[in-house]
Amino acid sequence: MSLKRNLGLDILSEKYAYATDETTGYTSARKIPDRWVATTCGYCSVGCGMFVGVKDGRAVAVRGNPGHPVNSGRLCPKGLAEHYTLEAPNRAKYPLLRQNGKLTRVSWDEALDVMVENFLAVQTKHGPEALGVISTGQLVTEEFYTLGKLVQLGFGTSNYDGNTTLCMSTAVSGYKRSFGSDGPPGAYEDLQKADVIFLIGANIAENHPILCQHLEANPRKTLIVADPRVTKTAMMADLFLPLRPRSDIALINGMIHVLIQAKMIDRDYIARHTTGFEELAQSVRKYTPRYVSEITGLEEELILKVAFLYGNAGAAFIGWTMGVNHSTKGTETVNAINNLALITGNIGRAGASPFSITGQCNAMGTRESGFASSLPGYRKFESADDREELAGLWGIPQERIPAARGLAYPDIVEAAVKKKIRALWVIATNPIVSFPNLDVLRQSLESVEFLVVQDGFHPTPTSELAHMVLPAAIWGEKEGTYTNSERRVSKVNRAVDPPGEARSDFEIFLTVAKKLGCYDELFPGWTTPQDAFEEWKSVSAGRLCDYSGMTYELIEQHGGIQWPFPQGTQDVATSRLYSDGRFQTEDGRAKLFCVEWEPFPEQPNHEFPLILNTGRTVEHWHTRTKTGQVPILERMAPNAWLEMNPKDAHQLKLRPHDHVDVVSRRGRISSVELRVTEIVAPGQVFVPFHFAETNANQVTQSAFDPISREPNYKQSAVRVEKSGEQRGKRRPRRWSLWPRRRRSSSQ
Ligand code: SF4
């Protein structure tokens, strides 16, 4: 503080000056912009429309876009404070190269020369698949499309995946199995038109807050929420089902059983549009209300009630998020959800849909165009026709397109530990905090010979380990499109310049392509994201995710456009998939899958008697690289906490605000503040996963869905002990967030 300020002579008049803005009214003079730039929120997949206020080249304010069909002007706390992320003190500004153990500033030219040289050296020595790439759901679609071509065709490795496998790959796999293709069938409008809305493992009040306004706009709905935890969303429910952890398959099978017995299914729809009904009916026979009650802990009457409510609805909507996806049985749970919707004909109609609520702002974009778990345009690696079509569009030999997907994210991590992957490019993600079972992940990153971290932020726990850091532009600094959960493609615009020498990911990819020598072949003449958009439009034409009728101008004009939007489409209206009952399978019918409930892999025992659930809080985003630097959000939720039921707290002689350690077979979260609350049931505890300082993934397990490869973050067996009072003689190993050999940065 200055002397003038100390003496009271400086009253910070500039800071506290107010003025009237023609849009926002009486407000801080510092927040009155010169211009407002329309864009889309860069956090979650709700896809809210917003304006960024720019004054003297700086982002000074954000406001919701009142004309946007997703949010009608409202924003959640993260969106309202998003402009602060642009000037966060941890923004990455310069390319850094590790020299003599220290990250040292270098030019872009040198950085990308060294990067390409190292990647090629590893590939020459160990084969093309020795390079792995882990991307994100945070780039614009144009960047995903470019990156996919660069990695698969330029570098020639198919070991490419994204952090979307940590959140949405289960929904993708479930859709592909049931409907023959990825793609959420419904629209947000369905929340306003459904008679019954059934949310399973979806705490939208915290994680997708603006969706709640679509619920509020539907006064006649019955809202049913199934969750082991009394979340804020559960508190909004007409009917809350506090089921035991991971018993959702039993509940859904039980509902199907009840509806078949009561003849409350759509026989005509089943006969015309599905296969596998007889097998399904046989497989759910044992899921009587009594059996389901034993598994779920729900009263039999409640199971009957929810089944009849769903079965009697003229239009029923089922939404889910991580409570379903973060599981070794996640894909099958999605199939069970799809079964329920299909046998009751609740798909492809207003208000009627099974619907995955996606996580990141553009997880959908990488699913559509990314060339990671599918070929662009939801084409299949294993389909020779799809490969031939794509090769024709790109003018390359078909043999260059892989006939099978490469390693998924967890398998890339494992391959690095086994030294099969020797070089790794990590883009806009922070696996040291977000990947389960931290010790294995750390081994993996420390095993590779050359680790490049490309991110808008540095240092992060992951970038601290890198051999090279590439500073990237973030939301607000670049142009392109995001697709939200309801398949709405919205425009993202550049409001301000990136800091220092940071560049857009698009520009970085094109420069890497030039250094690699594949620019002219793969990206001929490209200079702007719109070049990628135009090619992507033609690649998507005729596919389920058809963009070919869209233009940037049309997207802006309508506040986003849902795909499919083939060339020549005139009407920009709400769209739903499968309204004609034709699915993307070979016979055009949806597949009903028999799925069985089974206990989750790591059951509690005497030593680890509690089931740990992990999740989010409304104030923060993922690993807090963005929100941890936004003062208003950080002040609201500065630390992690552990929720524990009063009965367990009493038994363990713990009191509210005690600091406790959470211990599993794999590690320990140290010194978390205890919240004693009936939000969690006895035998269960909950911790938010955002906080690097008390990293929840020190205790989570390496258990993955065998189909989608998504981690089972939700049920880990743990014990809780008061910090500093560790039991027994064997002192559990202490886990630190930071690398064992702490490295410094010169940035
Ligand atoms: S709900 Fe999601 S998209 Fe909307 S403002 Fe909040 S974080 Fe952004």
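**Figure 1. Asp190 and Arg576, two buried residues, in close-up.** Both Asp190 and Arg576 are buried in this predicted model. The two residues form a salt bridge, and their closest N and O atoms are 2.7 Å apart. Asp190 belongs to helix H6 (residues 189–193), while Arg576 sits in the loop between strand S21 (561–562) and strand S22 (590–591). The pair links distant parts of the chain, 386 residues apart.

**Figure 2. The salt bridge between Glu535 and Lys149.** The side chains of Glu535 and Lys149 meet at 2.6 Å, N to O. The structure holds 43 salt bridges.

**Figure 3. The salt bridge between Arg624 and Glu693.** The closest N and O atoms of Arg624 and Glu693 are 3.1 Å apart. Arg624 lies in the loop between strand S23 (610–615) and helix H26 (631–636), and Glu693 lies in the loop between strand S27 (684–688) and strand S28 (716–722), so the pair ties together parts that are 69 residues apart in sequence. Arg624 has a relative accessible area of 9% and is therefore buried, the limit for that class being under 20%. Glu693 has a relative accessible area of 54%, which means that Glu693 is exposed, as the limit there is over 50%.

Figure 4. Helix H10 covers residues 248–261, 14 residues in total. From its first C-alpha to its last, H10 reaches 20 Å, close to the 20 Å expected at 1.5 Å a residue. H10 is mostly covered, with 13 of its 14 residues buried. An α-helix has 3.6 residues a turn, so residues three or four places apart point the same way. Lys263 follows H10 and has a positive phi, near 55°.

**Figure 5. The shell around the ligand.** The residues that surround the ligand are Cys41, Tyr43, Cys44, Gly47, Cys48, Leu75, Cys76, Gly79, Pro209 and Ile210. By class, the shell is made up of 8 nonpolar and 2 polar residues, with no charged ones. Gly counts as polar in this division, whereas Cys and Tyr count as nonpolar.

Technical notes
Residues numbered from 1 in each chain as written. Predicted model: local features only at pLDDT ≥ 70, side-chain atom pairs only at ≥ 80, totals over all residues. Heavy atoms only, no water. Near = heavy atom within 4 Å. Helix = DSSP H or I, 4+ residues; strand = E, 2+ residues; numbered from the N terminus. Expected span 1.5 Å × (residues − 1). Buried < 20%, exposed > 50% of the residue type's maximum accessible area, 1.4 Å probe, protein only. Salt bridge = Lys/Arg side-chain N within 4 Å of Asp/Glu carboxyl O.
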